[in-house]
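Subject: A structure for you, with notes

Hi,

Here is the structure I promised to pass on. Please open it alongside this email, and my notes on it follow below.

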Amino acid sequence: MSDGRYINRNYRLCHTTGGRSRRSFCAKFRKSDLWIAVDAEHYDPKMESRVLSLLGEMWRELEEYIARNPEFLPALAPLPYRGGSSIAESMCQAGEVAGIGPMGAVAGEFARRVGEWLAEEYGCHDVIVENGGDIYIKSSTACDIAIFAGESPLSERVGFHIPAEMTPLGVCTSSGTVGPSLSLGRGDAMAIVCRNTAVADALATAFCNRIHTPDDVAEAVNGALAVEEVIAALAIKGDKMAVAGDLEMRIFKNR
């Protein structure tokens, strides 16, 4: 399957601000490729360069931790935190919840940290940080999130309605057929919503690993909903989908 639409981030052409006054920009550093939207009231042209500096600091911290603990990078099972990096600590905690290696939470953790920093540093009412399909959301108004699922006919046709009062939270998606990330499954998409974006990222990876055929989507969603931290879950394989949780599902047309 060709995943050029993911590699080129063409799915971002569908990102909208819903008619609201928001400014968006992208920031790329190392393996982080972020699309960021903030309310126009608090947008600052210097924001873009400062986010790049923040990403540099975060990657240096994580890389220094990996240099001291080389087992961290390739691990496929949870690892104990060994001190010296709050980023690695959060990733280890997320991996422990999901039962996977800590690198399974890296995109969600970076999205969360950038989003929280923007909200605190600039006082933003609205912050959306999308990092390769893993999203941190803090919004003053309700928003809808469509799930990208590669060549599935359900891709970008289904998703979640996020009430403003439930944010901030994370909406993270893992795939065994799209993108460069390691997956032990073949699901087109496994989306998880949690308060903590790093935990959502790790759990999306863990439960996507369980999807190999369309018959697996219901079991994956039910398993995810059994985890205390999960607010909602959605799984897609081919033309089959399962969804459950405390959020309304949305059906999108003409995307």
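How are α2 and α4 oriented to each other: parallel, antiparallel, perpendicular or oblique? Before the answer, please keep in mind that this is a predicted model. The two helices pack with their axes 11 Å apart and at an angle of about 135°. An angle over 145 would count as roughly antiparallel, and 65 to 115 as roughly perpendicular. The pair α2 and α4 is therefore oblique. As for handedness, α2 and α4 make a right-handed crossing.

Staying with α4

Helix α4 covers residues 106-122, and both E109 and R112 lie in it. These two residues are 3 apart, about one turn of the helix. Their side chains meet in a salt bridge, with 2.8 Å from N to O. Are E109 and R112 buried or exposed? Both of them are buried.

Across the chain to R250 and D144

Another salt bridge is formed by R250 with D144, where the closest N and O atoms are 3.5 Å apart. R250 has a relative accessibility of 25%, so it counts as partly exposed. D144 is partly exposed too, at 39%.

The C-alpha atoms of E130 and R112 are separated by 9.5 Å, and the two residues are 18 apart along the chain. E130 belongs to strand β3 (residues 127-131). With a relative accessible area of 2%, E130 is buried.

How many salt bridges does the model have in total? The count comes to 9. One of them is between E71 and R82, with the closest N and O atoms 3.2 Å apart. Both partners sit in the loop between α2 and α3 (86-98), 11 residues from each other, and the pair is again one that links distant parts of the chain. E71 has a relative accessible area of 33%, which means that E71 is partly exposed.

The aromatic side

The aromatic pairs number 5. F25 and Y43 make up a tilted pair, with 6.3 Å from centre to centre and 55° between the planes. Why does this pair tie together separate parts of the chain? F25 is in strand β1 (residues 22-29), while Y43 is in the loop between β2 (32-39) and α2 (47-68), so the pair joins parts that are 18 residues apart in sequence. F25 and Y43 are both buried.

W117 and Y122 form an edge-to-face pair, at 5.9 Å centre to centre and 80° between the planes. W117 is buried at a relative accessible area of 19%; the cut-off for buried is under 20%. Y122 counts as buried as well, at 14%.

The charged end of R23 sits over the Y43 ring, 4.2 Å from the ring centre. Elsewhere, Y65, F72 and Y81 come together in one aromatic cluster.

Backbone details for your checks

Which peptide bond is cis? The bond from T167 to P168 is, with omega near 5°. P168 lies in the loop between β6 (158-162) and β7 (169-174).

Two residues have a positive phi without being glycine. R30 has a phi of about 50° and lies in the loop between β1 and β2. E156 has a phi of about 60° and lies in the loop between β5 and β6. Is each of them buried or exposed? R30 counts as exposed at 52% relative accessibility, whereas E156 is buried, with a relative accessible area of 10%.

Happy to go through any of this together.

Best wishes

Definitions and conventions
Residues are numbered from 1 along each chain as its sequence is written. This is a predicted model: local features need pLDDT of at least 70, side-chain atom pairs count only at pLDDT 80 or more; totals for chains, interfaces and linings use all residues. Side-chain values use heavy atoms; hydrogens and water are left out. Rings of Phe, Tyr and Trp (its six-membered ring) pair if their centres lie within 6.5 Å; planes under 30 degrees apart count as stacked, over 60 as edge-to-face and the rest as tilted. Helices (H or I, at least four residues) and strands (E, at least two) are DSSP runs, numbered from the N terminus. Buried means under 20% relative accessible area, exposed over 50%, partly exposed in between (1.4 Å probe, protein chains only). A charge sits over a ring if NZ of Lys or CZ of Arg is within 6 Å of the ring centre and within 35 degrees of the ring normal. A salt bridge is a side-chain nitrogen of Lys or Arg within 4 Å of a carboxyl oxygen of Asp or Glu. Axes are lines fitted to C-alpha atoms, for helices over the stretch in contact, and angles run from 0 to 180 degrees between N-to-C directions. Angles under 35 degrees count as roughly parallel, over 145 as roughly antiparallel, 65 to 115 as roughly perpendicular and the rest as oblique. A crossing is left-handed if the near helix is turned anticlockwise from the far one by less than a right angle, and right-handed if clockwise.
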